[in-house]
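Colleague: I would like to learn how to read a model of this kind, one feature at a time. Could you take me through it slowly, giving the general idea before the case at hand?

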Amino acid sequence: MANALSNAAGSIQFDADVLVIGGGPAGSWAACSAASAGARVILVDKGYCGSSGATAPSGTGVWYVQPDAAKREAAMASRDALGGFLADRSWMRRVLDRTYDNVNLLAEWGYPFPSDETGQERRTNLKGPEYMRLMRRRVREAGVKILDHSPALELLVDENGAVAGAMGVRRQEGENWVVRAPAVVIATGGCAFLSKALGCNVLTGDGHLMAAEAGADLSGMEFSNAYAISPASASVTKTLFYNWASFTDEDGHPIPGASGHHRSVIAKALLKHKVYGQIDRADPGTQAAMRLAQPNFFLPFDRAGHDPFTQRFQVILRLEGTVRGTGGLRITDNSCATSVPGLYAAGDAATRELICGGFTGGGSHNAAWAMSSGFWAGAGAADHARHRGTRAQPRQVTRAGGVALTQGPNRPFDPERATRAVQDEVFPYDKNYFRHGAVLGESLTRLDGLWHKLRIADAAAPENVVKAREAAAMVATARWMFRSALARAETRGMHKREDYPNQDAGQRHYLTSGGLDEVWTSTRLAPARDDVEVAA
Amino acid sequence: MIELISEARCTECNICVAVCPTNVFQAVPDSPPIIARQGDCQTCFMCELYCPVDALFVAHDANDPAVVDEGQLIASAALGSYRKAIGWTPGSRAQRGIDQSFKLTEPH
């Protein structure tokens, strides 16, 4: 099945110490960190490093907490129960430390943090466009070569199964690229299944698929059913301001328990009827702060001629999947290595269970994780490359990619049809938001069947290959999600089982998942905690 | 979705072609770029922020194309309104440092 690299003739080729795949926050921190360790670094992005991903078009809180023992303890304790007591205090501490230092670096680099009335700078929030424009500048100044509009399609591995680089396409030039590197950082983000959640349509699980093809496994994929409130026809999935909202049905009757942003209640209501929102509980001062905080939130309203403070608007929940879930590639040590030698994972592509357990609201912890894990993965990858020695080129390099890339007996599959088929399983609130063993089982049967159809299809045509790989990655991701969801027969974190509505102390463990043609799960011990049984 | 490249304003710099994360635009020699793959637009508004002459307009509907009137958009100062709000126009730089999020996200 594996093709020799020589099949990739006609490509532009590069040698590097470290290849970073993905140019969002995690990837750009990884590239800077690897370059500052002396590595020759190439960063490839599917779109454009600076605008790609969930952060750039958005605004995000950051888990930035002063190094004060009481404040740090409170910060760690505040999400314990929400996360189902699966977070690891040692990881939380090191992420709080790293994030504090990195955010202070952003200030040194010129990020325009606002000051409060007392003149003190407030560093707990980042505006996406500013942050990512600054990070692109830092990446370039660090001497990293950036290839924009260069989606990676597959990893390269050597004769020992270690990663040896990657290859992909330069979609605006119509050529292929090959980067040979002894260390690769996967920073491709999570998977939101092309739901048009803000900035998320580049996040299709590509890195999960590539890493799995090279032998990596995942963790926490049951924590993959994050949904965000969005005006019905808009893309702006910023949920914070709905803290000041009321929700009503078509006739204007309040939906009990939906005030604030109780998404479960809204999801239940959406299964029965249309739902409307109105940000009617924000006083004028709060309204003004909102406009200055997140101008993007108001774009859909201003452009549609609606006043969200005084008029009702229809809302839906858009799937954010693992982007604001916590599942992703399993991390095996402090350098954010995966189970494949030379392969590292950072940001939303990696599991965030270590600091969030089974729940994250996005922003805050995810932003902290992206800059911390990116920093460590870049350093770890540079270190790995240095020890390995780039002069010692592997004798034989093979392409690890399979589905949509290798020859098969059937005609190439239609990426759009495959995408719709997987969306039909993961979008509906009564399949994914509220899960049930029997329903998950039926979905898995269809998704497994879909995967096997994709597997026996012929390689995609060049003009279709990026979308075909995205579709395949989404199918693979959905299968790890639902197989894990089936294996966790309880409700914990964001994972809600209608047939097992309670948290079960006997299942306070992590779930590993993996496999392509055959998907599997297994359990790992969660860190020991004295207080958990009492608290749960 | 992206609906407008103002031919009157566009300087053919092709920055939008470079920055669009979903590769919606297509450069055309000696001409403004075209919206070649509107269906791939994710309505993230990033192209508007990076357009130095406010020639682009992304309509609010992320699902379906819309009809927009360039004259009206100019009259209502909609072109460039987001770039201005974020502080990326020459006259709005002060906006960059007045993010009030901390008032909304930190404990009161």
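Colleague: How many salt bridges are there between chain B and chain A?

Modeller: Side chains of opposite charge can pair when their charged atoms come close. The rule used here asks for a side-chain nitrogen of Lys or Arg within 4 Å of a carboxyl oxygen of Asp or Glu, and between chain B and chain A it gives three salt bridges. One of the salt bridges joins the side chains of A:K467 and B:D40, at 2.6 Å from N to O. Please keep in mind that this is a predicted model, in which local features need pLDDT of at least 70 and side-chain atom pairs count only at pLDDT 80 or more, whereas totals for chains, interfaces and linings use all residues. Residues are numbered from 1 along each chain as its sequence is written, chains are lettered from A and ligands numbered from 1 in the order in which they are written, and side-chain values use heavy atoms, with hydrogens and water left out.

Colleague: How many residues does each chain bring to the contact, and what area is buried?

Modeller: Contact means heavy atoms within 4.5 Å, and 43 residues of chain B and 51 residues of chain A take part. Buried area is the accessible area (1.4 Å probe) that two parts lose on being put together, summed over both; here it is about 4,000 Å², with carbon and sulfur atoms giving 57%. Within chain B, the residues that lose the most area to chain A are B:Q42, B:H60 and B:L104, together 17% of what that side buries.

Colleague: How should I read the strand order in the open sheet of chain A?

Modeller: Strands are DSSP runs of E with at least two residues, and helices are runs of H or I with at least four, numbered from the N terminus; two strands pair if DSSP finds at least two bridges between them. In chain A, five strands in parallel pairing follow the order β7-β4-β3-β11-β18. Because β7 (145-147) and β18 (343-345) of chain A stand at the edges with a single partner strand each, one side of each is left without a neighbour in the sheet. β4 (residues 41-44) of chain A pairs with β7(A) over three bridges, and there A:V44 stands opposite A:L147.

Colleague: Which residue forms a salt bridge with A:D148?

Modeller: The partner of A:D148 is A:R136, with the closest N and O atoms 2.9 Å apart. A:D148 lies in the loop between β7 and β8 (152-158) of chain A, while A:R136 belongs to helix α4 (residues 128-141) of chain A.
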